[in-house]
Amino acid sequence: TKSTNCVVASPVGNLLLSSGRDNLLKIWDLRKGGTEALLTLRDEAYRSGLNWARACWSPDGKYAAAGGGEGSLFIWNAETGNLEKQLGSESSATISCVAWNPNGHQIATTDRKSKCILWE
């Protein structure tokens with residue numbers, strides 16, 4: 001990934017999630033040496049808006065989430081690579097950080113305007 005802005009260890013297994021300014025999220029298997037991505041997560045509408053944006057895993061490791069440059073939240077299936085949901089926001093500010101609640105039912109995001117949104 002060119003200009004990687006985030007690397008997060010999976011809560012289960014030997015996987016890493018990376019995101020970058022190339023608007024791609026990649027899943028890496030540490031057992032394979034991390035030389036080739038196991039899966040690439042992408043969507044035409046997804047644009048990483050910051051050099052330091054943070055993506056995250058779901059608590060069960062089955063999904064990956066990242067915030068877009070236009071304020072939407074994107075959720076991919078980490079097993080298939082398919083985009084599961086794109087949730088819009090009343091804010092058009094770039095999402096800088098995504099955190100999945102350990103209960104698995106809520107995702108919190110913050111944006112460049114210091115607004116925090118709790119998604120259910």
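Let's start at L41. Setting aside neighbours within four places in sequence, L41 is in contact with L17, L24, L25, I27, A64, W76, N77 and G81. Contact here means heavy atoms within 4.5 Å.

A word on the model. It is predicted, so local features need pLDDT of at least 70 and side-chain atom pairs count only at pLDDT 80 or more, while totals for chains, interfaces and linings use all residues. Residues are numbered from 1 along each chain as its sequence is written, and side-chain values use heavy atoms, with hydrogens and water left out.

Now the cores. A nonpolar core is a set of buried Ala, Val, Leu, Ile, Met, Phe, Trp, Tyr and Cys residues joined through side-chain atoms within 4.5 Å. Buried means under 20% relative accessible area, exposed means over 50%, and partly exposed is in between, using a 1.4 Å probe and protein chains only. The largest nonpolar core has 16 residues. L17, L25, I27, L41, W57 and W76 touch the most other members. Elements giving two or more residues to this core are β1 (4–9), β2 (15–20), β3 (25–29), β4 (39–41), β6 (63–67) and β7 (73–77). Strands are DSSP runs of E, at least two residues, numbered from the N terminus.

Next, L16. This residue lies in strand β2. Is L16 buried or partly exposed? It counts as partly exposed, because its relative accessibility is 21%. Beyond four places in sequence, its contacts include V7, K26, I27 and W57.

On to the hairpin. β10 (residues 107–111) and β11 pair in the antiparallel sense over four bridges. Pairing takes at least two DSSP bridges between two strands. I107 has W119 in β11 as its bridge partner. Four residues sit between the two strands, and S114 in the turn has a positive phi of about 65 degrees. Along β11 (residues 116–119), side chains alternate.

Last, the largest pocket. It holds about 260 Å³ of space. A pocket is an open set of points on a 1 Å grid over the protein atoms alone, where a 1.4 Å probe fits, with protein on both sides within 12 Å along at least five of seven lines; lining residues have an atom within 4 Å of a point. Of 15 lining residues, I75, K85, W100, G104 and I107 are closest to the centre. Strand β8 (residues 83–87) gives the most to the lining, with three residues.

Notes
Grid points are joined across faces, edges and corners, and a volume is the space filled by probe spheres set on the points.
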